[in-house]
Amino acid sequence: MSLRITALTDPDENTASRRLAWLASGAEGAPVGSAFLRLFTRPGQDHLAELDVQVHPAERRGGVGSRLLEAAVEAARRDGRRSMITQAAAGSPGDAFLAARGFGKVLTFTYTRLALADADLPSLAKAVETPHAGYRLTSWEGTVPDELADTFVASRRAMDDMPMGTADFGTVVWDLDRAKGAAAAVAGRGEILHTVAAVDESDGSIVGFTELVVPGDGTGDAQHYGTAVLPEHRGHGLALWMKAASIHEARTRHPHLAGLLTDTADNNPHMRHVNDALGYLPTHTAYEYQLDL
């Protein structure tokens, strides 16, 4: 097969990363595959590259994926990257491809879904209304309100000790600009960022949060982003409380939503227990792969 790999200009650049792209084309210029390489640029993750390779099913096992991978690895090394990560569904062609090319399996993720038609609203409402001594819940859409901004940014460190096995993800450093930028990016896609937070009543500071991204038209499936509680406030059931409130508000504010999606690393039993208790059911398993460069 005659194969050509062409580097493309990718405009997808933001304050946290930039992206490289390649197109694989065969006879008469017909596209047969593509690769994207995200290069993280902020301190704490500027050693890391994230790979996405796609090959048309009819063109697999013909060297297309290998050529695209070669281009991406060369670019990552040239840019001084230490690690390359990517993900593949268990048992998929990508799973076998990565395992055969030197990538190591560093994490297993279980993907789950809550069908909102099956959600027990009375039970959720009861869970939300159950007092948690010393704490209260608050919520907002879009960018965090100014009066909560400082403690919300400070609460993001709750994600720092999330179980990540041997994955070389580095550290995500949050400041107010990054928090506002993340909310703006969701809004720019026409989606709605909904946040529920737990507040320490003794000083009004945010000590935990859960985020949900809802399609702009309020239909289909919404996607959970981060859920975390500061270490010094764990053990009080705040994660389940916040997530129950997020589900209840999604169900009432967006009655045409079909479901809620989330994924959890298998070495994070606490969050898996929270999702199980709220009725999320497994849909598939995926592996995080890493290549040491």
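Visitor: Which elements each supply at least two residues of the lining of the largest cavity?

Guide: Some ground rules come before the reply. This is a predicted model, in which local features need pLDDT of at least 70 and side-chain atom pairs count only at pLDDT 80 or more, while totals for chains, interfaces and linings use all residues. Residues are numbered from 1 along each chain as its sequence is written, and side-chain values use heavy atoms, with hydrogens and water left out. On a 1 Å grid over the protein atoms alone, a cavity is a set of points where a 1.4 Å probe fits but cannot get out; a pocket is an open set with protein on both sides within 12 Å along at least five of seven lines; lining residues have an atom within 4 Å of a point. Helices (H or I, at least four residues) and strands (E, at least two) are DSSP runs, numbered from the N terminus. In this structure, S9 and H6 each supply at least two residues of the lining of the largest cavity, and H6 gives the most, with 3 residues.

Visitor: How much space lies in the largest cavity, and which residues line it?

Guide: A volume is the space filled by probe spheres set on the grid points, which are joined across faces, edges and corners. About 40 Å³ of space lies in the largest cavity, and the count of cavities of 30 Å³ or more comes to 1. Its lining is formed by Glu141, His194, Leu212, Val214, Glu249, Ala250, Arg253 and His254. By class, this lining holds 3 nonpolar, 2 polar and 3 charged residues; here Ala, Val, Leu, Ile, Met, Phe, Trp, Tyr, Cys and Pro count as nonpolar, Asp, Glu, Lys and Arg as charged, and the others, Gly among them, as polar.

Visitor: Is Ala197 buried or exposed?

Guide: Buried means under 20% relative accessible area, exposed over 50%, and partly exposed in between (1.4 Å probe, protein chains only). Ala197, in strand S8, has a relative accessible area of 0% and is therefore buried. Its contacts beyond four places in sequence include Arg136, Trp140, Phe209 and Met242. Ile85, in strand S5, is also buried, because its value is 2%. Glu141 is partly exposed, at 40%.

Visitor: Why do the buried residues of H4 line one face of the helix?

Guide: An α-helix has 3.6 residues a turn, so residues three or four places apart point the same way. In helix H4 (residues 146–155), the buried residues include Leu148, Ala149, Phe152, Val153 and Ser155. Seen down the axis of H4, these buried residues fall within an arc of 145°, so they line one face; the arc is that of the directions from the helix axis to the C-beta atoms. They pack against strand S7 (135–141), helix H5 (176–188), strand S8 (192–200) and strand S9 (205–214). On the other side of H4, Glu147 and Asp150 are exposed.

Visitor: Where does Arg61 lie, and what is its phi?

Guide: Most residues other than glycine have a negative phi. Arg61 has a phi near 65°, a positive value in a residue other than glycine. Arg61 lies in the loop between S4 and H1 and is exposed, with a relative accessible area of 88%.

Visitor: What is the volume of the second largest pocket, and which element gives the largest share of its lining?

Guide: The second largest pocket has a volume of about 790 Å³. Of its 29 lining residues, Val53, Gln54, Pro93, Gly94 and Phe97 lie nearest its centre. The largest share, 6 residues, comes from S4. The lining divides into 12 nonpolar, 9 polar and 8 charged residues.

Note on methods:
Contact = heavy atoms within 4.5 Å.
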